[in-house]
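Open the model in your viewer and keep the sequence panel beside it. The stops below say what to select and what is found there.

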Amino acid sequence: ARRSGFAGRAERMFGLMDGFLKNDPWSLQKDVLHHVEYTVARSRFSFDDFEAYLALSYAIRDRLIERWHDTQVYFKRKDPKRLYFLSLEFLMGRSLSNSAVNLGIKDQCSDALNQLGFEFEQLVEQEGDAALGNGGLARLSACQMDSLATLDFPAWGYGLRYQFGLFRQVILDGFQHEQPDYWLNFGNPWEIERIHVSYAVKFYGAVEEVLLNGVNCKVWIPGETVEAVAYDNPIPGYGTKNTINLRLWAAKPSGEGDMESYNTGDYINAVVNRQRAETISSVLYPDDRSYQGKELRLKQQYFFVSASVQDIMRRYTDSHSNFDEFSNKVALQLNDTHPSLAIIEVMRILVDEENIEWNRAWSIVCDSFSFTTHTVSSEGLEKIPADLLGSLLPRHLEIINEINFLFMEELKKKLGLNYSQLSQMSIVEEGAVKNIRMANLSIVCCHAVNGVSRVHLELLKKRVFKDFCKLWPQKFQYKTNGATQRRWMLVSNPNLCSLISEWLGTKAWIRDVDLMIGLKEFASNTDMQHEWRMVKRVNKMRLAEYIEAISGVKVSVDAMFDVQIKRIHEYKRQLLNLFGIIHRYDCIKNMEKSDRMKVVPRVCIVGGKAAPGYEIAKKIIKLCHAVAETINNDPDVGDLLKLVFIPDYNVSVAELVIPGSDLSQHLSTAGHEASGTGSMKFLMNGCLLLATSDGSTIEIIEEIGNDNMFVFGAKVDEVPALREMKSSLKAPLQFARVVRMVRDGYFGHKDYFESLCNTVENGGDFYLLGNDFMSYLEAQAAADKTFVDQENGHA
Ligand code: B1N
């Protein structure tokens, strides 16, 4: 009887809902107006672009929610193994265009808006970026979510809902300044706040031993509780109804605990102190690859891990009465070591709360967890001071020590008493300060460890995790990174996509990128070349407009657009690019006027953020501006060479710049870029690469061939020997000359740039700029030649 009652009710509700929302322009228009009036609360007769953007977003969100519900119901019934992706960073960028494209309703939205007097493209610009991450690692997480949804995986992403994402970069007089990213100030229509999905997260306190059923048990008596509230961000797949969830946690004061107070002052202080809980999710750490043992960062890590694990456990125990099936139903993938406390948290819950015997709990944990490493050097590995961990999470430290004890015992049996090796592999680093090595912890506890490109895995085997690879060769593998063509082509370069679909005669490549190989047979077709060049030209015009708007510099679309956009790092060698530009400038200045006609005109575009405390990176940004100032105002140079720095580089800037690029630069010293994903986004947009043989580029070269890329510089295997010999090697004259120009104050700020120049001279030059310089110039010359040939129709 209850069943038919439910079915009857469901039917009635479905009737009331009038079925699913419809996607024709008229229905969309009606829904937009509805949201203008009732959600944004503006009159439907008078609303601006931003309000229209909000209303359209809500209309699209409604459609996402329908699919999301269906996805949940479907998977709840099927109960498949679920994939949980834990990451402290997600660089989602904008959602409007991406959602409309993946739902397949972009054209309908456009039509609907046109009739209301709005432009889809213009509304898209109203949205700010969700920048809850630093760079490649965080954008990879975002691309992965899109792929998981598209490939119909029952996947969940878990992360932290920072109040302030990555800082906004403002350039004043050529210097970088950081400003807070107030991304939530105007509301966020893409998230769904779930007040009722919240968990208590505990910190501090002490561990006590109690007698439970005649057995001695450890109990953690925490000292502080913070509430984690879920914010859900639906992620639609393309060409499927599958819509997965990115669940981000925000910290709120807990309602728990005693708050008795004896006077107004006590009461006010108590409330204000509680409010401080919110700082946990307030701000993203802006450094990638440099680890500082800061309490707040550790709190962030445990906060999001604890909430996520509680949520995952709740979902599991909803339909299972014991933990026998746990590792068959739950896969936990850790994005680097940042969420690795999840391992210990699951162990703690199984042993302390579920009273599962240690060895059984251990095997459940090992079977469930795997981990991706993005690191290339031991210096980049996270180490947490044991004292800090012990004070914040006393029981977790005990569990780590126990795991390490058992691991060391096992190792001794295998290796004998080889103390140097034992101490290197230990999870606990002994020394003046005791540290917990999060990578060692993750390797010991996970059944799989993956690198992000083939050469990255080789480096892990040879250097970073050498001993572990010998011990457990079967654990180590690699999965070369990728990038989603939905965002990096369909959203950002629709004209190129139409062209490709037309020539291929299918849109199937949008779900299966390998099918793009079919274009090969048209490569020398002049019609196709012509169409392709027209698309590129329009994209370049759009980019040129943007450049003029932000910098006032007018650039010619006939010039080669040469781009390097990524975080500023010494190993990524933006400085090599700048030295190359100075060299080019110097050549133009010194050549006969008549020879200048032969110079291939270039617009050099650089963009990227420097971590706030990274002084050398900040000097590189200043040098770029100083060089630009000189070159762009030199009448001898004119359109032959321009240099522009694009401020506040982020996902949506990349979406604009990449489709309009002719050449893109990936200059990391070989062996330093674990993978690199920018190169892939340029390639799919028909932009050639000038790159070192490093990270994923090595595999790209194998795929497209050496003659389709401008490869230069020392190889991964040559770098160590070159470093040894460095002090005896002399940098080429051309290199010494450009460095001298900077040292002599040709671009001003002589004293300020001195330390920057010192990093590449006098036996310094750790990143081998001097060594690679001539080969870099040759690659650049080859790029010039190809550009001219293409213009002449010989491409
Ligand atoms: O991860 C990307 C790779 O393509 C890049 O080569 C790699 O440099 C990047 C600590 C990191 N490695 N490590 C980080 C980020 C934030 C942080 O707090 C480290 N990012 C990378 C994707 O695999």
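Is K413 buried or exposed? K413 is exposed, because 8 other C-beta atoms lie within 10 Å. The cut-offs are these: a residue is buried if 20 or more other C-beta atoms lie within 10 Å of its own, exposed if 12 or fewer, and partly exposed in between, with C-beta atoms placed from the backbone. Residues are numbered from 1 along each chain as its sequence is written. This is a predicted model, in which local features need pLDDT of at least 70 and side-chain atom pairs count only at pLDDT 80 or more, while totals for chains, interfaces and linings use all residues.

**Helix α14**

Select 394–415, helix α14, which contains K413. Helices (H or I, at least four residues) and strands (E, at least two) are DSSP runs, numbered from the N terminus.

Colour domain 1 (79–94 + 129–446) and domain 2 (554–791), the two given by the domain assignment of the chain. These bounds come from an automatic or database domain assignment. Taken over C-alpha atoms, the centres of domain 1 and domain 2 are separated by 38 Å. Between them, 25 residues of domain 1 are in contact with 22 residues of domain 2, where contact requires C-beta atoms, placed from the backbone, within 7 Å.

On the side of domain 1 that touches domain 2, select β2 (90–93), α7, β5 (168–172) and β6 (175–179), the elements that give two or more residues to it. β5 gives the most, with 4 residues. By class, the residues of this side of domain 1 divide into 9 nonpolar, 9 polar and 7 charged. Here Ala, Val, Leu, Ile, Met, Phe, Trp, Tyr, Cys and Pro count as nonpolar, Asp, Glu, Lys and Arg as charged, and the others, Gly among them, as polar.

**Around the ligand**

Which residues come nearest to the ligand? Of the 16 residues around the ligand, they are G136, L137, D288, H374 and S675; a residue counts as near if its C-beta atom, placed from the backbone, lies within 6 Å. Helix α7 (residues 136–150) supplies the largest share of this shell, 3 residues. The shell draws at least three residues from each of domain 1 and domain 2, and its residues divide into 4 nonpolar, 9 polar and 3 charged.

**Helix α5**

Go to helix α5, residues 106–116, where K106, Q108, C109, A112 and L113 are buried. These residues lie on the same side of α5 because they cover an arc of only 160 degrees around the axis, the arc being that of the directions from the helix axis to the C-beta atoms. D107 and Q115, on the other side of α5, are exposed. To see what covers the buried residues, show α2 (25–38), α3 (49–78), α4 (96–103) and α6 (120–124), which are included in that cover. Just after α5, G117 has a positive phi of about 90 degrees.

Next, show the open sheet of 3 strands with antiparallel pairing, in the order β14-β16-β15. Strands pair if DSSP finds at least two bridges between them. β14 (383–385) and β15 (428–429) are at the edges, each with a single partner strand, so one side of each has no neighbour in the sheet. β15 is joined to β16 (residues 435–437) by 2 bridges, and E429 stands opposite N435 in β16.

**Two loop residues**

Most residues other than glycine have a negative phi. Select Y204, in the loop between β7 (192–203) and β8 (206–212): its phi is positive, near 55 degrees. Y204 counts as partly exposed, because 14 C-beta neighbours lie inside 10 Å.

Last, select D648, in the loop between β21 (641–646) and α24 (651–657). D648 is not a glycine, yet its phi is positive, about 50 degrees. With 21 C-beta neighbours inside 10 Å, D648 counts as buried.

Definitions and conventions. Contact = placed C-beta atoms within 7 Å.
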